[in-house]
Amino acid sequence: CLTEWDGVSCWSAVPVGQSQVVSCPDILHVFKKSKALIRRNCTESGWSFPSPPYYNACELEAIGSNNDTEAKASYFVTMKVLYTCGYSTSLAALVLAIGIFSCFRKLHCTRNSIHIHFFTSFILRGAAVFTKDAVLFSDESVDHCTMSTVNCKAAIAFFQYSVLANFYWLLVEGMYLQTLLLLTFTSDKRYIWWYILIGWGVPMLTVCVWVLTRLQYDNHGCWDDYTSPYWWVIKAPILLAIFVNFLIFLNVTRMLAQKIRSPDISKNYKQQYMRLTKSTLLLIPLFGVHYVVFALFPEHVGVDARLYFELVLGSYQGFLVALLYCFLNGEVQAELKRNWRKWQSSMESNVFNLATQDFTA
């Protein structure tokens with residue numbers, strides 16, 4: 001049975017004798033709060049009828065009314081406006097943060113280089129979301145479920161790469177913090193190339209394997225279906241990064257607690273550890289710990305929460321990263337103040353020289 005759009009749901013291709021189960025489509029599920037599942041069997045004569053029918057499973061008696069249609073349209077328009085504003089805000093903040101780290105020589109170090117790569121992964125993720133929307137939803141008359149163009153597949157591949165890179169640079173941040181504690185705040189520039197290989201190389205290798213697999217075995221639609229078994233080529237590395245980061249977070253918390261309690265640590269170092277502890281607690285969302293809540297659940301579970309978190313709250317994550325790592329960073333603030341005072345002093349000196357020249361003339 002080939003991939004089929006029945007006017008309500010998209011059914012992925014399956015062999016004869018197998019069945020496929022979907023939940024009520026998101027556009028109905030969000031408003032009717034129905035948890036019913038619909039099943040279709042693949043027979044020798046083709047797809048069977050949905051069981052139970054949509055009008056029973058999803059409570060569609062009143063769905064056809066104008067008020068419901070307008071409410072659904074308004075809901076998704078609002079969602080799109082919110083995450084568009086979120087990603088735009090994040091992109092502006094991240095670009096500014098990269099500019100600050102790049103312009104001031106005193107801020108050039110291994111730690112900030114990793115931050116710049118991390119910021120870039122968020123920028124790529126925001127750009128990928130906008131690209132995906134532009135390619136898949138530019139023409140409302142086209143059914144993106146059955147669309148199978150090179151452009152849409154490239155947009156989905158770019159989106160998956162940016163998501164993977166984002167998770168793996170999240171992992172690199174956790175690894176670097178652990179290394180920093182193990183080496184007692186001594187960083188080694190040799191590690192930066194291993195971090196770059198993990199942050200950009202692993203996602204590239206994963207996406208290449210996924211693209212080749214889809215081209216060979218499941219080259220249907222636009223590759224944005226999460227019911228395909230080949231989706232695990234992307235999902236498994238993401239889950240691995242999430243859980244490794246979670247273990248790193250627990251280990252970092254344990255090490256910090258030990259160092260703060262140790263009588264051999266001077267007061268100066270204890271203050272550094274306390275600051276790092278506060279930063280770690282603030283950076284819990286950035287370690288991906290909250291993703292564990294959704295990680296092992298099927299895609300149709302918790303659709304409402306996923307929509308709000310991934311589209312709306314997730315869009316502001318880049319802004320939060322820039323805020324914590326750059327704008328609220330004491331070292332960055334001190335360097336900005338120093339350069340501001342230097343610029344003011346230079347301007348006052350220039351004004352004095354000009355006034356002196358006019359007076360002597």
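**Exercise 1. Confidence of the model**

Task: State what average pLDDT the protein has, and which helices score lowest and highest.

Solution. This is a predicted model, and the protein averages a pLDDT of 77. A score of at least 70 is reached by 69% of the residues. Turning to the helices, confidence is lowest in helix α1 (residues 26-32), where the mean is 43. Confidence is highest in helix α6 (residues 191-217), at 93.

Where pLDDT is low, the predicted coordinates should not be read in detail.

**Exercise 2. Annotated regions and the modelled chain**

Task: Determine how much helix the model has over residues 192-212 and over residues 308-328.

Solution. Begin with the record: UniProt, in an unreviewed entry, places the feature "transmembrane region" at several stretches, including 192-212 and 308-328. Over residues 192-212 the chain is 100% helix and 0% strand, and the C-alpha atoms at the ends lie 30 Å apart. Over residues 308-328 the chain is 81% helix and 0% strand, with 27 Å between the end C-alpha atoms.

**Exercise 3. The pair α6 and α7**

Task: Describe how α6 packs against helix α7 (residues 232-261), and name the residues that meet.

Solution. Two packed helices are described by the angle between their axes and the distance between the axes. For α6 and α7 the angle is about 160 degrees and the axes are 9 Å apart. Angles over 145 degrees count as roughly antiparallel, so α6 is roughly antiparallel to α7. The crossing of α6 with α7 is right-handed.

At the contact, α6 contributes T206, V207, V209 and W210, which meet V233, I234 and P237 of α7. By class, the residues of this contact are six nonpolar, one polar and no charged.

**Exercise 4. The pair α4 and α11**

Task: Carry out the analysis for helix α4 (residues 110-136) and helix α11 (residues 317-327).

Solution. The axes of α4 and α11 come within 10 Å and cross at roughly 165 degrees. The two helices are therefore roughly antiparallel to each other. As to handedness, α4 passes α11 in a left-handed crossing.

The contact brings H115, F118, F119 and F122 of α4 to Q317, G318, V321, A322 and Y325 of α11. Sorted by class, the residues of the contact of α4 with α11 comprise six nonpolar, three polar and no charged.

Methods:
Residues are numbered from 1 along each chain as its sequence is written. This is a predicted model: local features need pLDDT of at least 70, side-chain atom pairs count only at pLDDT 80 or more; totals for chains, interfaces and linings use all residues. Side-chain values use heavy atoms; hydrogens and water are left out. UniProt positions are given in the numbering used here, feature names are shortened, and annotations may be inferred rather than shown by experiment. Helices (H or I, at least four residues) and strands (E, at least two) are DSSP runs, numbered from the N terminus. pLDDT is the predictor's confidence in each residue, from 0 to 100. Axes are lines fitted to C-alpha atoms, for helices over the stretch in contact, and angles run from 0 to 180 degrees between N-to-C directions. Angles under 35 degrees count as roughly parallel, over 145 as roughly antiparallel, 65 to 115 as roughly perpendicular and the rest as oblique. A crossing is left-handed if the near helix is turned anticlockwise from the far one by less than a right angle, and right-handed if clockwise. Contact means heavy atoms within 4.5 Å. Ala, Val, Leu, Ile, Met, Phe, Trp, Tyr, Cys and Pro count as nonpolar, Asp, Glu, Lys and Arg as charged, and the others, Gly among them, as polar.
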